[in-house]
Amino acid sequence: MKRVTIYDVAKEANVSLATVSRVVNGSDVVKQPTREKVEEAINRLGYKPNAVAQGLALSKTTTIGMVITDASVNYTGQIINGVLDAAKIKNYNIVMHAISAGITDINDIIETIIKSRVDGVIIYNDKIDVSELQEVSKYNIPIVFIGNKTVSENVGSVYVDIESVAKEAVSMFLKRGINDVCVLQERHNKHINDQMISGAKKAFKEYKLQNNGYLEIPSEYETSYDFLFDYLKTRKTKALIVHRDAQALAAINAAKENGIKVPEELEVVCILDTKYNLMTRPQISSFSLPSYDLGSIAMASIEKMLNEQEEGKAYELSYFFVSRQSSK
């Protein structure tokens, strides 16, 4: 017969591991209805904690697992710095887990981290889809996502609304009477791409225009540059909005090699601002997203969840446009 664990009790009672631990150890900070619910689950499952489990497995490790993906190194680095600085203030340790784009089952990753005995998990992965976000709510351990909006009792998030960013980017041009605006497909991140398309559509609808502003890259093209080089031979698009710095640079190079002047004949705006946008010529206009704050607030949120000061909560952070040489 499979041994009943604290994880089974937490799942049965629909509470956190910390709450079960407090009930088992006789803590008086747990509210009576919650205590009764946990005790009923313990009796129903026949859970029998032992001294080792109470002293080790149920106590806080002051360790948080953090999952990072292969996004922009500069952007991810700022997020990590925010997490580490906030963790240091609260005397928490951070254990990093790096994953590549080839790993799609986030549940396997979370289960591996939980088995390593952490108090909570912070995940920076803006490629996770809605179904995967919903699935993680089954874990009775605090989890905070950076970059995706989701919320439940044990799951929180810190994010920037990319749909709103894309809408504002398109609207900037429509306000100036420039209707030939294109949002370039982000093939590496469907979730981000969908948000950008939605934002563009909303902007065109607001201005009562039929164009949806989406520029899809045909499958026969391997890179954004290859496609844009051919596309700009015949199409004189006035404004191009891209997600990553690499795409912005590809657009500028493809334009130059077709004799198109940036920004006089083609304006280029990048959603994600990084230091590399300052290194190109012309420098690339971008939206400054608070990467450091995303990390520090994620750590603060998970610490509050661990101390039962809040349940899962979604924090939306602001952004601002930085006008540089690639736009007028």
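A: The side chains of lysine 202 and glutamate 163 form a salt bridge, at 2.6 Å from N to O. The term denotes a side-chain nitrogen of Lys or Arg within 4 Å of a carboxyl oxygen of Asp or Glu. This is a predicted model, in which local features need pLDDT of at least 70 and side-chain atom pairs count only at pLDDT 80 or more, while totals for chains, interfaces and linings use all residues. Residues are numbered from 1 along each chain as its sequence is written, and side-chain values use heavy atoms, leaving out hydrogens and water.

Q: Which helices hold lysine 202 and glutamate 163?

A: Helices are DSSP runs (H or I, at least four residues), numbered from the N terminus. Lysine 202 belongs to helix α9 (residues 190–206) and glutamate 163 to helix α8 (residues 162–175), so the pair ties together parts 39 residues apart in sequence.

Q: How many salt bridges does a search of the whole structure find?

A: The search finds 9. Among them is the pair of glutamate 12 and arginine 44, whose closest N and O atoms are 3.0 Å apart. This pair links distant parts of the chain, with glutamate 12 in helix α1 (residues 6–13) and arginine 44 in helix α3 (residues 32–45), 32 residues apart.

Q: Where do aspartate 194 and lysine 190 lie?

A: Both lie in helix α9, 4 residues apart, about one turn of the helix. Aspartate 194 is partly exposed at 35%, whereas lysine 190 is exposed at 60%.

Key. Helices (H or I, at least four residues) and strands (E, at least two) are DSSP runs, numbered from the N terminus. Buried means under 20% relative accessible area, exposed over 50%, partly exposed in between (1.4 Å probe, protein chains only).
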